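Hi,

Here is the structure you will be working with. Please open it first, then read my notes below.

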Amino acid sequence: MKLLVWDFNGTLGYRDDHWRGAIQDLLTAEAPEFATLPAQLPPFLRSSFPWRTPELAHPHLNTAALWWSALEPAFERTFRSLSVDPARAERFARGVRRYYCASHRWHLYPDTLPALDALSAQGWHHVLLTNHVPELPKILRGLGLAGRFDRIVNSATSGYEKPHPEAFAHAAEGLGEVEDIWMIGDSITSDFEGAKRAGWNAVLVRQEPKHSVPCVTNLTDLVTFLATPAATPSNWAVALLHR
Ligand SMILES: [Mg+2]
């Protein structure tokens with residue numbers, strides 16, 4: 001079996017303005033007087049997400065309610081930092097979940113489905129390995145992507161965030177004999193380096209080829225890259241830098 005293990009956010013799809021967008025949507029709907037957000041959310045919120053501390057496993061947050069409740073203090077503090085009064089800040093903290101997961105805010109990149117189709121036609125199987133929220137299956141269904149993967153490994157369910165070795169350990173287990181495996185993702189630390197430590201091939205996508213690692217700027221180039229047996233990853237990085 002030839003296996004491609006995909007990251008999701010920033011690789012196959014994205015949410016409009018991500019967490020800032022979710023908070024913006026909530027305030028616009030429920031407290032428009034506070035809806036003028038700074039360009040950046042407070043650093044403490046960014047550092048509160050479980051993927052910011054991948055060395056800390058969290059298998060105990062094994063329900064969606066537990067997973068989100070662990071984040072609510074950081075959301076509440078964020079709303080208070082925006083001058084929202086304490087009572088509403090507490091209520092809004094519980095509401096971020098619904099706004100973040102709203103299906104209409106999630107999109108695939110235009111080259112995602114054509115690339116998945118082309119790669120499937122070339123005999124590749126697909127696995128999703130993502131640091132994400134518990135509602136990922138619903139988001140994938142909304143995008144028409146749910147049936148594309150032989151397996152979906154989500155950190156919110158497994159308790160292990162990439163690049164924790166356990167996140168990679170079981171992604172391909174039991175799927176059959178794997179003769180070729182590639183991690184495809186947009187993060188050099190979570191995706192590329194984690195995969196290399198697991199002994200996999202890996203390629204960065206949607207990044208400018210500034211790193212000294214295999215890198216393609218879009219999934220159309222990825223299809224060509226994977227279909228070029230003579231191309232070694234290092235040759236490709238050089239070729240893309242000079243074209
Ligand atoms: Mg990503």
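L143 counts as partly exposed because it has 18 C-beta neighbours inside 10 Å. The cut-offs: a residue is buried with 20 or more other C-beta atoms within 10 Å of its own, exposed with 12 or fewer, and partly exposed in between, with C-beta atoms placed from the backbone. This is a predicted model: local features need pLDDT of at least 70, side-chain atom pairs count only at pLDDT 80 or more, and totals for chains, interfaces and linings use all residues. Residues are numbered from 1 along each chain as its sequence is written.

L143 sits in the loop between α6 (136–142) and β5 (151–154). Helices (H or I, at least four residues) and strands (E, at least two) are DSSP runs, numbered from the N terminus. Leaving out residues up to four places away in sequence, L143 touches G13, W106 and L108. Touching means that the C-beta atoms, placed from the backbone, lie within 7 Å. E173 is 30 residues from L143 in sequence, and their C-alpha atoms are 26 Å apart.

Now take A195, in helix α9 (residues 188–197). Is A195 buried or exposed? A195 is buried, because 26 other C-beta atoms lie within 10 Å. P165 is 30 residues away from A195 in sequence, but 8.6 Å away in space, C-alpha to C-alpha. A195 touches F168, M183, W200 and A202, again not counting residues up to four places away in sequence.

Next, the cores. A nonpolar core is a set of buried Ala, Val, Leu, Ile, Met, Phe, Trp, Tyr and Cys residues joined through C-beta atoms within 7 Å. The largest one has 35 residues. V5, W6, W182, I184, V203 and L222 have the most contacts inside it. Helix α10 (residues 219–226) gives this core its largest share, five residues. Another core lies apart from it, with 23 residues, including L26, L61, V84 and V96.

Last, a helix pair. Helix α5 (residues 112–121) packs on α10 at about 15 degrees, with the axes 9 Å apart. Axes are lines fitted to C-alpha atoms, for helices over the stretch in contact, and angles run from 0 to 180 degrees between N-to-C directions. So α5 is roughly parallel to α10; angles under 35 degrees count as that, over 145 as roughly antiparallel, 65 to 115 as roughly perpendicular and the rest as oblique. T112, A115, A118 and L119 of α5 meet L219, T220, L222, V223 and L226 of α10.

Best wishes

Key
Two residues are in contact if their C-beta atoms, placed from the backbone, lie within 7 Å.
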